[in-house]
Amino acid sequence: MKCRVIAVLGTRPEAIKLAVVIHELKRRSEEFEIAVVHTGQHRTMLDHVLKYFKIKPDFDLDVMRPNQTLSSLTSRVMDTVENACHRFQPNMVMVQGDTTTAFASALAAYYCKIAVAHVEAGLRSHDLYNPFPEEANRKLVSMVTDIHFAPTVGSRDNLLAEGIPLEKIVVTGNTVVDTLRALGKLEHSWENTPLAEIPQDNSRLVLVTSHRRESWGNDQENMCLALKDLVTKHKDIRVIYPVHMNPNVRSTVNKLLQDTERIHLIEPLDYSTFVSLLQRCHLVLTDSGGIQEEAPTFRKPVLVLRKVTERPEASQFGLAKIIGMTRESIVKESDSLLTDNEAYLDMSGGGNPYGDGHGSERIVEAISRWHQKKTPLLDADKEFKLPPRPTPRRRKSDVEAKAASAGKD
């Protein structure tokens, strides 16, 4: 009997990270039957990704309503995913990440007594309201999950600390690295994209994204004012800001940054164009979790516009820095990377601590072994291992300071 799997996705990040897994399941068609459920949580941005990866949903839902509450969205996703489960009769429902789609779909599968596989399991900020509601979503998904696909050893350790049995966890690496490695090899043109109007000069490009609920209001205003400070101070930079569709984000950003010289507010980019921009940019400022994982693939320093992160590996490796959302910290930390070449090089070296491009293969192999009731789900030597941590440079200023301190002693 083939293993029947439902893959549920509703937002662009879910599609980006599950597309490679879906293709791997289809490649092994002698073992698997796959149905794709599209909840429609992010309709416009998600549809382009599905088209790009040639994925046609088997169940295309429409759960979004204007100004809906999280509870109403959750209930509609549960109802529609439960209906898909009754119709397809899967052995397993696969969810990704920490969205409302992931949480509600996992709960629906649990209510139907169907096994749940959680891709990107074990991420924790240890602050229930940062990010909101994602931190609660991913913890709640873990409660009903049968196979936890942890992207890193740190994520696995979070799960173990919560009492999840080791035999239910597989360290896979993040599947976004699989996707990036494939897309990074392609030629990308900015013609007929929102980037086409940006002057192609020698300016250094600063990529900015910010959309999280906890940043709305004062924090978003602080960030906008900091960006104005940076372009005033650094005449050789251009800020490119793909502005999220949410009206709470757009109203603040447009009010403060519209028509500011060398700050380009553009429509959200399709994923291949975004990857092209990520490859070409000099520096990234973001509150996105996904971009913290993506930027190290292209050796781009990341300043994280949040108080905490559930993806600490880039910070631990010196490839990212959590700076919060105050105007002063954003200007100070950005200025350091724009003026100190050694500091920049320290944050742009080393391998990606989030994955090696084989995450989707590990996930599908583990599901195959689960269906055949084999143990372990994946041999330990086949799990993802972190690359060596880069060694910081010995800077002249540090050496001089150490010598001066020794002289005083």
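This is a predicted model: local features need pLDDT of at least 70, side-chain atom pairs count only at pLDDT 80 or more; totals for chains, interfaces and linings use all residues.
**View 1. The open sheet, strand by strand.** Seven strands line up as β3-β2-β1-β4-β5-β6-β7, and their pairing is parallel. At the edges you'll find β3 (59–60) and β7 (169–171); each has a single partner strand, so one side of each has no neighbour in the sheet.

**View 2. Zooming in on β5 and β6, with a helix on the sheet.** Strand β5 (residues 115–119) runs parallel to β6 (residues 147–150), and three bridges join the pair. Across the pairing, Ala 117 faces Ile 147 of β6. Helix α6 (residues 153–161) packs on the sheet here, touching both β6 and β7, and its direction makes about 165 degrees with that of β7.

View 3. Tyr 52 is partly exposed, at 32% relative accessibility, while Phe 53, at 14%, is buried. Then there's Tyr 271 with Phe 274, a stacked pair with 6.4 Å between centres and 20 degrees between planes. Both sit in helix α10 (residues 271–280), three residues apart, or about one turn of the helix. Tyr 271 and Phe 274 are both buried.

**View 4. Arginines over rings.** Arg 4 has its charged end over the ring of Phe 88, 4.0 Å from the ring centre. Over at Trp 190, the charged end of Arg 280 sits above the ring, 4.0 Å from its centre.

Definitions and conventions:
Residues are numbered from 1 along each chain as its sequence is written. Side-chain values use heavy atoms; hydrogens and water are left out. Two strands pair if DSSP finds at least two bridges between them. Helices (H or I, at least four residues) and strands (E, at least two) are DSSP runs, numbered from the N terminus. Contact means heavy atoms within 4.5 Å. Axes are lines fitted to C-alpha atoms, for helices over the stretch in contact, and angles run from 0 to 180 degrees between N-to-C directions. Buried means under 20% relative accessible area, exposed over 50%, partly exposed in between (1.4 Å probe, protein chains only). Rings of Phe, Tyr and Trp (its six-membered ring) pair if their centres lie within 6.5 Å; planes under 30 degrees apart count as stacked, over 60 as edge-to-face and the rest as tilted. A charge sits over a ring if NZ of Lys or CZ of Arg is within 6 Å of the ring centre and within 35 degrees of the ring normal.
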